[in-house]
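Hi,

Here is the structure I promised to pass on. Have a look at it first, then read my notes below.

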Amino acid sequence: MSDQSFQTFSLSRRTGTGTTYAERVYGFLVEHTPQPICDDCIAKATNIARENINQLTSILGLTRDFGKAEGTCAICKGNKRVTRSQRYA
Ligand SMILES: [Zn+2]
């Protein structure tokens with residue numbers, strides 16, 4: 001992930017301390033590295049609307065640190081599109 005991408009998300013490099021939607025989603029996914037998690041479970045855990053989660057995980061999925069693909073969610077065990085952090089795996 002380039003520094004420019006970081007600025008786009010306004011992310012803090014200290015995960016779990018952010019207050020923006022992007023920071024909360026990012027921190028949640030990094031905390032759960034390398035488990036794949038679906039948008040629904042991310043929405044519930046971060047208390048953010050699912051539409052916003054979908055947008056954020058779609059962007060994160062384009063970066064080198066995250067992947068978005070069909071898979072089994074580590075939390076609800078559903079087969080759907082999941083996002084996982086590869087950053088600290
Ligand atoms: Zn799930």
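Two residues are in contact if their C-beta atoms, placed from the backbone, lie within 7 Å. By that rule, and leaving aside neighbours within four places in sequence, Ile 42 is in contact with Val 25, Phe 28, Ile 37, Ile 53 and Thr 57.

Before going on: this is a predicted model, where local features need pLDDT of at least 70, side-chain atom pairs count only at pLDDT 80 or more, and totals for chains, interfaces and linings use all residues. Residues are numbered from 1 along each chain as its sequence is written.

Of its 15 residues, Val 25, Leu 29, Ile 37 and Ile 42 touch the most other members. Helix H2 (21-31) gives the largest share, five residues. Helices here are DSSP runs (H or I, at least four residues) and strands are too (E, at least two), numbered from the N terminus.

Now for Thr 46, which sits in helix H3. Why is Thr 46 partly exposed? Because it has 19 other C-beta atoms within 10 Å. Leaving aside neighbours within four places in sequence, Thr 46 is in contact with Arg 24, Val 25 and Phe 28. Its C-alpha atom is 8.3 Å from that of Tyr 21, 25 residues apart along the chain.

Cheers

Technical notes
Core = buried A, V, L, I, M, F, W, Y, C linked by C-beta atoms within 7 Å. Buried ≥ 20, exposed ≤ 12 C-beta atoms within 10 Å, placed from the backbone.
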